[in-house]
Amino acid sequence: MKIKFLFILVFGLLAVQPATSQTVAYSLNDTPLFTVRMPDGWKFESRPNPRNPASKRISGTAPNGLVWFGVWVVKDVKTVDQAYKYVQATARTLITDAKETKPAYIGEVNGMKAKYSEHTGTMKMQDGKSQVFDAQVVLFETGSGRVGIAVCMADTEGLKAEKANIEAFFKSIKPIK
């Protein structure tokens, strides 16, 4: 009886453990370009990108709802510098008070040339209320003549609560060779 109870207890504890992170492949026109790992508990989905319905966007939220993230391929660009101009233009049209909080810099993510930038601004939420946010953006050359973009937007509380997961999310982006 004690062994049976112990067995049930162990399986019960395993059932309440958080799910392991999931690696997701991003494809364009049935060609896999890169993978990204979704942290434990982050909810995500893949559906057409509203600004480019021919491509998909993987997006979702952290479990506490304080972080939105998205990953997709920037339409009609071949370099991170061209993609950066897209980010600046899009930010100005969607968020009128958007501003860059740190100068953008070139780096690398898992062997891919990347450009990092950070922004802040105010956005109208679905409920009509305005929300101040911080955004981290990584643009990366996938090696296939395409440039990927990964974005995390959060309020101050979300940045604190999900800092480690946001960093792990960006570091997990890998090319498919």
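Below are my entries, grouped by topic.

**Ground rules.** I am working on a predicted model, where local features need pLDDT of at least 70, side-chain atom pairs count only at pLDDT 80 or more, and totals for chains, interfaces and linings use all residues. Residues are numbered from 1 along each chain as its sequence is written, and side-chain values use heavy atoms, with hydrogens and water left out.

**Sheet.** I looked up the strand order and got S1-S2-S10, an open sheet of three strands with antiparallel pairing. Strands S1 (22-28) and S10 (174-175) are at the edges with a single partner strand each, so one side of each has no neighbour in the sheet. For the terms: strands (E, at least two residues) and helices (H or I, at least four) are DSSP runs numbered from the N terminus, and two strands pair if DSSP finds at least two bridges between them. I then checked S2 (residues 31-38) against S10 and found two bridges, running antiparallel. Across from proline 175 in S10 I found phenylalanine 34.

**Positive phi.** Most residues other than glycine have a negative phi. I noted asparagine 29, with phi near 55°, in the loop between S1 and S2. Asparagine 29 is exposed at 63% relative accessible area (exposed is over 50%, buried under 20%, partly exposed in between; 1.4 Å probe, protein chains only). I also noted aspartate 76, with phi near 60°. Aspartate 76 sits in the loop between strand S5 (67-73) and helix H2 (80-94) and is exposed too, at 65%.

**Salt bridges.** How many salt bridges does the structure hold? I get four, counting a side-chain nitrogen of Lys or Arg within 4 Å of a carboxyl oxygen of Asp or Glu. I wrote down these pairs, among them glutamate 45 with arginine 47 at 2.4 Å, N to O. Glutamate 45 is partly exposed at 36%.

Next I took lysine 102 and glutamate 118, whose closest N and O atoms are 3.8 Å apart. This pair links distant parts of the chain, 16 residues apart, with lysine 102 in strand S6 (residues 99-109) and glutamate 118 in strand S7 (residues 112-124). Lysine 102 is partly exposed at 46%, and glutamate 118 is partly exposed at 26%.

Last, I have glutamate 167 with lysine 163 at 2.5 Å, N to O. They are four residues apart in helix H3 (residues 156-171), which means a separation of about one helical turn. Glutamate 167 is partly exposed at 35%, and lysine 163 is partly exposed at 48%.
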